[in-house]
Amino acid sequence: MDYQLQKERRLSIKKGKRGIMRIVFGRTGILLGFLALQLLLLVLGLQYLAQYVHVFFGGHIVFGFFVLIIILNREENPVFQLTWAALALLLPAFGGLLYLYVELQPGTKVLAGRIRELDSLTETALYQNPDTVRALSLEDGRTAQLARYIWRTDGYPVYQNTQVCYFRSGEEKFDRLQKELLGAKNFIFLEYFIIAEGYMWDTVFEILRAKVKEGVEVRVIYDGMNELYNLPHHFPDRLKEAGIQCKVFSPVYPVISTHYNNRDHRKIVVIDGHTAFTGGVNLADEYINRKERFGHWKDAAIMLRGKAVRSFTVMFLRMWNIYEKLEDTERYLKEEPGLMTEHPGYVMPYAANPFSKERTAERIYIDILNSASQYVHIMTPYLVPGYEMMQAILYAARRGIDVKIILPHIPDKKYAFALAHSYYKKLIQSGVHVYEYTPGFIHSKVFVSDNIRAVVGAINLDYRSLYLNFECAAFLYKVPEICDVEADFRATLSRCQLMTMFDVKHDKWTRKLAGKFLRLMAPLM
C-alpha cells in the first residue's frame, strides 16, 4: 500500500513538472511572453512620458476631464462609471488612455455586431406561444410580466410541458449525461467553459467517438482560455480526427485585447433537440470529485426534456455560427411529438451576453428577490454584487424574507474570497444569513424561492457573470422539481458554518484590507 502511494506521489510530481515545462516552453509560455513584452513596453512608454508631465500638466488635466465627460455620458452601470471615473481622475494619462483603448477595440465591436446580426437572423427560430403566457398570467401576473420582459428584450420564450430533472452534484449529472449521450440518434451539441483531460472527459470522448461511428453528428465548443491551462493546442485536431466537429470560442493570441475579457462561461449539452443539460458542472475531474482541488466540490445541474430544449439548441447554434455564415438551423429544431408529453409548471431557458444593454441575468435574480413572500435561498461560489443586486438582497431581508446565502469555505480564488468577505458585515447586519460550506468549495449557481420559483444555471453572483461573460440558465416556475432544489439547499446547509459578526470582527486583517482595495477594481475584474 505504501509502495503504491509512493508510486502515485512520484507520478503526480512528474506530471506536475511536465505541466510546468509545458507552460514555460510551450504555447502558453510564448503567449504569456509576448503579452509581458507588450505590457513592459507600455509601462516604459508611460514612464518616459511621465517626465514631461510638468510641461503638459494643463493638457494632462484637460484630457482626464474630457475622458470623464465621455464616461459619464455613456449608458452603462453606474458602478462601472465610478470605477473608470476614479481611474481617469487619479491617473488621467493611464486611466484615460486605458478607457479609450477599451472602448475603441475593433474586435469587440465586430463581435457585438455579429451577435446582433445572429439574433436577428435566428429570431424566427424561437416563438412565444400566447396560450402559454395567458395561462401563466392567470396563475401569477408578476411572473408573466417577467416572461414578457425576457421575450421582448432577449427573445427567449417561456414553455409548458417540459420535464425537469435536478442533479445535486456533478457525479449525479455525469451519470445521467452518459446514459443520455449513449441514447443519441441524430446529433449531440456540447458547449463548455472548461474541458480538461482526465477521467470525466475521456469517458465522454469515448462515447462521442462511438456515436460518430454510428452516424450521429457531434459538435463541441469550448472557451479559448482552456488552451492556456487545460488542453494542448492540437486538441481540436484530435477531435476532428475522431469525426467530431470542434470550435474554440475567442482563442487567446499574443496580442493585448479587451475582448479576452468576455468568456463563454456556458455549460450546455443538447441531444437530438429533445434533451438538454445546463448548470455549473464542467467537463473536468474536480467537478465529480475524482480529483481534489479545494476540498469537496459541491455543484448542481439540471436536465430538461421537452419543448424548452429548443431555446438551448438555438443558443448553441448562435454561438457555433458566431465567426462564419449562418447555416440552416431548421433541421435541428424539429420537435418529436412522442416526447412532448404533459408536465406541470413553466420553464424559461435564457442566455445573457455582455453586449446586451438589458442585463437579463441580474434582472431575473432581482425579480426573484423582490417577489419573494417567504424565503430566497442562494448557492453561489462568488459574491461580488453590484449596487442594485446588493440593495435587492438587503431589502428582501429587511422586509422579513428569509434570505440565506451559501458560499465556499475553501476558495478557488483568494481575491474573490476577500471580496465576498467584504460584504459580510452589511449583509449580516441587515438580517441575511451567510453560510460557508465547510467541506470545501461550492460551485452551484442556484436561486430558489417560496417553493415555486428557481433558477439553475451557470450564472454566478458577481460582475463577471452578470456583465462580462456569455451565460445561460433556466428559470423554473411551479415545477415539482423545485422542491428538490430546496431539499438540496437544506441538505447542504447542514454541512455549513453560519457566519456571525464575531467572524467578521476576527477575520484576517490581510483579507479585510484586500477586500476594501479590491472593491474599487471589482467591476473590471
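**Note on a sheet and a helix pair**

1. Leucine 190 stands opposite valine 220 in β3. The model is predicted, with local features needing pLDDT of at least 70, side-chain atom pairs counting only at pLDDT 80 or more, and totals for chains, interfaces and linings using all residues. Residues are numbered from 1 along each chain as its sequence is written, and side-chain values use heavy atoms, without hydrogens and water.

2. Strands β2 (residues 187–192) and β3 (residues 217–223) pair in the parallel sense over six bridges. Pairing requires at least two bridges found by DSSP between two strands. Strands (E, at least two residues) and helices (H or I, at least four) are DSSP runs, numbered from the N terminus.

3. The open sheet has seven strands in the order β1-β8-β6-β5-β2-β3-β4, and its pairing is mixed. β1 (162–167) and β4 (245–249) are at the edges with a single partner strand each, so one side of each has no neighbour in the sheet.

4. Helix α10 (residues 199–213) lies across β2 and β3 and runs at about 150° to β2. Axes are lines fitted to C-alpha atoms, for helices over the stretch in contact, and angles between N-to-C directions run from 0 to 180 degrees.

5. The axes of α8 (residues 141–154) and α14 (residues 360–371) come within 11 Å and cross at roughly 170°. The two helices are therefore roughly antiparallel, a term for angles over 145 degrees.

6. In α8, Arg142, Leu146, Tyr149, Ile150 and Asp154 meet Thr360, Arg363, Ile364, Asp367, Asn370 and Ser371 of α14; contact means heavy atoms within 4.5 Å.

Notes
Parallel < 35°, antiparallel > 145°, perpendicular 65-115°, else oblique.
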